[in-house]
Amino acid sequence: MRHLVNLIAPAGIMAAGLFFSAATSWAVPEFARKTKKECSFCHPPDSWQLTEAGKYYRAHKYSLEGYKPKTPDKQAQHNEGK
């Protein structure tokens, strides 16, 4: 029985740490409903990473107010300068 407790306690501590971690953020369908945007607006296909729009949304208190997407021409010019 003591061996079982020695295995469960660390797992419980790790789970609680992940649950209460301020750095952990989860995408939720509520964001899509609120912004009236598809998930792919803030996330690339098959990824939990953020697009520029997603980073803006997170950095601006979960609002897209004032967000102006880069036009393809400006994006291409920006990438050429690197």
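A: The account below begins with confidence, continues with the aromatic pairs, and then turns to the neighbouring helix and loops.

This is a predicted model, in which local features require pLDDT of at least 70 and side-chain atom pairs count only at pLDDT 80 or more, while totals for chains, interfaces and linings use all residues. Residues are numbered from 1 along each chain as its sequence is written, and side-chain values use heavy atoms, with hydrogens and water left out.

The pLDDT, the predictor's confidence in each residue on a scale from 0 to 100, averages 76 over the chain. A score of at least 70 is reached by 57% of the residues. Helices are DSSP runs (H or I, at least four residues), as are strands (E, at least two), and they are numbered from the N terminus. Confidence is highest in helix α3 (residues 52–59), with a mean of 95, and lowest in helix α4 (residues 72–80), with a mean of 57. Where pLDDT is low, the predicted coordinates should not be read in detail.

Five aromatic pairs are found in a search of the whole structure. Rings of Phe, Tyr and Trp (its six-membered ring) are paired if their centres lie within 6.5 Å; planes under 30 degrees apart are stacked, over 60 edge-to-face, and the rest tilted. One of the pairs joins F31 and Y57 in an edge-to-face arrangement, with 5.4 Å from centre to centre and 70 degrees between the planes. Because F31 belongs to helix α2 and Y57 to helix α3, this pair ties together parts that are 26 residues apart in sequence.

Accessibility is classed as buried under 20% relative accessible area, exposed over 50%, and partly exposed in between (1.4 Å probe, protein chains only). Y57 is buried, at 4%, whereas F31 is partly exposed, at 25%. Y57 also pairs edge-to-face with Y62, at 5.6 Å centre to centre and 75 degrees between the planes. Y62 is partly exposed, with a relative accessible area of 33%. F31, Y57 and Y62 together make up one aromatic cluster.

Helix α3 also holds E52 and K55, which are three residues apart and thus separated by about one helical turn. Their side chains meet in a salt bridge, with 4.0 Å from N to O. A salt bridge is defined as a side-chain nitrogen of Lys or Arg within 4 Å of a carboxyl oxygen of Asp or Glu, and the count by this rule is one. Both partners are partly exposed: E52 has a relative accessibility of 47% and K55 one of 39%.

The loop between α2 (29–35) and α3 contains K36. This residue is not a glycine, yet K36 has a positive phi of about 60 degrees; most residues other than glycine have a negative phi. K36 is exposed, at 73%. C39 lies in the loop between α2 and α3 and is exposed as well, at 52% relative accessibility. The C-alpha atoms of C39 and P29 are 8.0 Å apart, and the two residues are ten apart in sequence.

A further contact involves K37, whose charged end sits over the ring of F41, 4.8 Å from the ring centre. The criterion is that NZ of Lys or CZ of Arg lies within 6 Å of the ring centre and within 35 degrees of the ring normal.

In the loop between α3 and α4 lies K61. Its phi is positive, near 55 degrees, although K61 is a residue other than glycine. K61 is exposed, with a relative accessible area of 76%.
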